[in-house]
Amino acid sequence: MHPMVKPALRCGWRDLNTVQFGMTPAHAMTLGPMDLATGSFLDLLNGTRGLELLREEGRRMDLPDGHVDGLVRRLARAGLLDDARGGGPAADSLRKKKEVLDRLRPDLASLSLTTSAPGDAMGQLAARRSQRVQVRGAGRVGAVLASLLAGAGVGGVDVLDGGRVEPWDVGPGGHPAEAIGDRRDESARRAVRRAAPDRPQRRTPQASPEEGEPGFSLVILAPRDDVAVHAPDPADAEPLMTSGTPHLYAGVVEGTGVVGPLVLPGETSCAGCLHEGRAQRDPTWPRLVAQWRSGRQRQVHPCDLTLATTVAGLAAAHALAFLDGRIPSSAGARWEVSVPGLHWHARPIWAHPACPCAAAERGKGEHPSEDGASHETMAMQRPSEQCREAEAERPAGTWRAHV
């Protein structure tokens with residue numbers, strides 16, 4: 001182990017014996033009591049020395065025997081320490097690709113803020129390279145979303161869509177102007193390759209696991225049709241439900257951006273639950289949906305460029321959180337934001353007993369407090385169970401800073 005204090009956290013002394021790591025309330029932590037000699041020793045925890053060398057440095061600084069090991073354990077238990085050589089064989093392979101890793105260093109620093117064990121951040125970043133994601137829809141949202149995932153280190157990002165790039169599909173990070181007239185899916189795949197820090201392997205989109213290809217870790221449905229965004233057809237996700245493939249919805253309808261739900265088949269609510277719940281609250285809902293789907297299709301749907309980019313960014317963040325092993329707040333909920341107010345809010349989607357997905361059986365005993373009413377804003381999300389457990393396990397002498 002080559003310990004280093006997480007470089008993503010700025011360090012400062014609150015008083016003569018208390019050090020604060022980090023600036024923002026979400027990540028700031030204080031450590032004390034801390035004497036000046038130990039505080040000076042912190043500068044040596046920069047990932048360039050192993051434990052034996054650190055012990056020698058500690059002896060030169062007249063630190064007591066065992067003090068260095070105790071400090072390293074304490075910092076590691078507090079989630080403040082990283083390992084410059086940790087993460088396993090996949091991380092070692094990534095370190096050998098310096099140009100690729102340099103592109104991903106901001107993402108690595110960010111991951112270090114959400115992982116606790118030394119080396120976990122590098123391990124997660126390396127693991128992204130083996131993940132496969134499919135984005136279905138290559139409009140203003142889908143094309144940018146796919147590029148973001150590739151740029152963040154996801155090794156396999158495929159895009160499915162039909163038709164050709166229209167002038168209104170063009171947007172920063174997605175289809176360039178010179179792609180007008182090209183096949184929409186091919187243009188989006190080129191954008192993915194441009195965004196990827198490492199040249200991704202070329203895969204046949206139609207390949208199946210039986211043909212030697214692994215399945216998708218996640219499928220993101222980002223339709224260009226605004227009716228499909230507002231009222232996703234459960235039939236479109238039936239193969240995903242049958243195969244147990246996690247999938248996430250995202251898109252823009254009129255002046256509203258939507259991210260979610262993230263569907264974990266059989267565990268969280270799905271598009272069928274959304275439809276059944278709406279029909280139960282509003283008996284005219286099926287009639288309206290039938291009219292919207294059968295009505296004359298507009299050539300150009302409203303899709304504000306900045307709103308589409310915002311949705312793509314949030315959807316990519318939720319997708320990455322899931323790929324990194326967490327359950328984002330879009331599981332069982334839709335995050336929505338509308339122009340011009342741009343206030344994010346969550347609409348819970350409760351597992352419905354009439355839906356064949358069986359999520360309601362798993363979630364028995366959980367009931368909505370209101371009929372689909374909007375709940376917490378982005379700024380007021382309640383801490384997850386994982387965060388509460390981390391607080392409970394924090395060693396004596398460390399605490400979250402009130403900043």
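Biologist: Which residues are linked in a network of salt bridges?
Modeller: Asp 158, Arg 183, Asp 185, Glu 186 and Arg 189. A salt bridge here is a side-chain nitrogen of Lys or Arg within 4 Å of a carboxyl oxygen of Asp or Glu. This is a predicted model: local features need pLDDT of at least 70, side-chain atom pairs count only at pLDDT 80 or more, and totals for chains, interfaces and linings use all residues. Residues are numbered from 1 along each chain as its sequence is written, and side-chain values use heavy atoms, with hydrogens and water left out.

Biologist: How many salt bridges does the structure hold?
Modeller: It holds 21.

Biologist: What does Arg 184 form a salt bridge with?
Modeller: Asp 169, with the closest N and O atoms 2.9 Å apart. Arg 184 lies in helix α8 and Asp 169 in the loop between β7 and α8, so the pair ties together parts 15 residues apart in sequence. Helices (H or I, at least four residues) and strands (E, at least two) are DSSP runs, numbered from the N terminus.

Biologist: Are Arg 184 and Asp 169 buried or exposed?
Modeller: Both are buried. Buried means under 20% relative accessible area, exposed over 50%, and partly exposed in between (1.4 Å probe, protein chains only).

Biologist: And where do Arg 224 and Asp 161 sit?
Modeller: Arg 224 is in the loop between β8 and α9, and Asp 161 is in the loop between β7 and α8. They are 63 residues apart. Their side chains meet in a salt bridge of 2.9 Å, N to O. Arg 224 is partly exposed at 36%, and Asp 161 is partly exposed at 21%.

Biologist: New topic. Which residues touch the most other members of the largest nonpolar core?
Modeller: Val 141, Leu 145, Leu 149, Val 157, Leu 218 and Ile 220, out of 41 residues. Helix α13 (residues 305–323) gives the largest share, 11 residues. A nonpolar core is a set of buried Ala, Val, Leu, Ile, Met, Phe, Trp, Tyr and Cys residues joined through side-chain atoms within 4.5 Å.

Biologist: What does Leu 149 touch?
Modeller: Leaving out residues up to four places away in sequence, its contacts (heavy atoms within 4.5 Å) include Val 133, Ile 220, Ala 316 and Leu 320.

Biologist: How about Pro 246, where is it found?
Modeller: In the loop between α10 (238–243) and β9 (247–253). Pro 246 is buried, at 15% relative accessible area. Its C-alpha is 4.9 Å from that of Leu 264, 18 residues apart along the chain.

Biologist: Where is confidence lowest and where highest?
Modeller: Lowest in helix α15 (residues 385–393), at a mean of 38, and highest in strand β8 (residues 218–221), at 98. The score is pLDDT, the predictor's confidence in each residue, from 0 to 100. The protein chain averages 86.

Biologist: What about residues 365–403?
Modeller: The pLDDT there is below 50. The stretch still has 63 contacts in the model beyond near neighbours in sequence. Where pLDDT is low, the predicted coordinates should not be read in detail.
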